[in-house]
Amino acid sequence: MILKIVFLFLIFMGVLAMFGKLRIPGAKRLASAKCRKCGRYRIGKGLCPCSGKAG
């Protein structure tokens with residue numbers, strides 16, 4: 001009985017993995033949030049630290 005439950009769980013996880021690889025929600029938005037020069041993620045609407053004046 002336990003073997004059957006484990007087997008069904010593994011099948012369920014495999015199906016979820018296949019659906020997850022089809023389309024990642026928010027991938028386009030995350031790509032646009034990166035700095036084009038250094039590749040770091042920008043937080044908010046301000047400039048990236050690499051493009052600002054060196055302090």
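Student: In which segment does Cys 38 lie?

Tutor: This is a predicted model, in which local features need pLDDT of at least 70 and side-chain atom pairs count only at pLDDT 80 or more, while totals for chains, interfaces and linings use all residues. Residues are numbered from 1 along each chain as its sequence is written, and side-chain values use heavy atoms, with hydrogens and water left out. Helices (DSSP runs of H or I, at least four residues) and strands (runs of E, at least two) are numbered from the N terminus. With helix H2 covering 27-32, Cys 38 lies in the segment after helix H2.

Student: Leaving aside neighbours within four places in sequence, with which residues is Cys 38 in contact?

Tutor: Contact means heavy atoms within 4.5 Å. Once the neighbours within four places in sequence are set aside, the contacts of Cys 38 are Cys 48 and Cys 50.

Student: How many disulfides does the count come to?

Tutor: A disulfide is a pair of cysteine sulfur atoms within 2.5 Å. Cys 38 is in no disulfide, as the nearest cysteine sulfur, that of Cys 50, is 3.6 Å away. Cys 50 is likewise in no disulfide, and its nearest cysteine sulfur, that of Cys 35, is 3.5 Å away. By this rule the number of disulfides is zero.

Student: Is Cys 38 buried, partly exposed or exposed?

Tutor: Buried means under 20% relative accessible area, exposed over 50%, and partly exposed in between (1.4 Å probe, protein chains only). Because its relative accessibility is 36%, Cys 38 counts as partly exposed.

Student: Of the 21 residues of H1, what number is buried?

Tutor: Helix H1 spans residues 2-22. From its first C-alpha to its last it reaches 31 Å, close to the 30 Å expected at 1.5 Å a residue; the expected span is 1.5 Å times one less than the number of residues. H1 lies largely in the open, because the number of its residues that are buried is zero.
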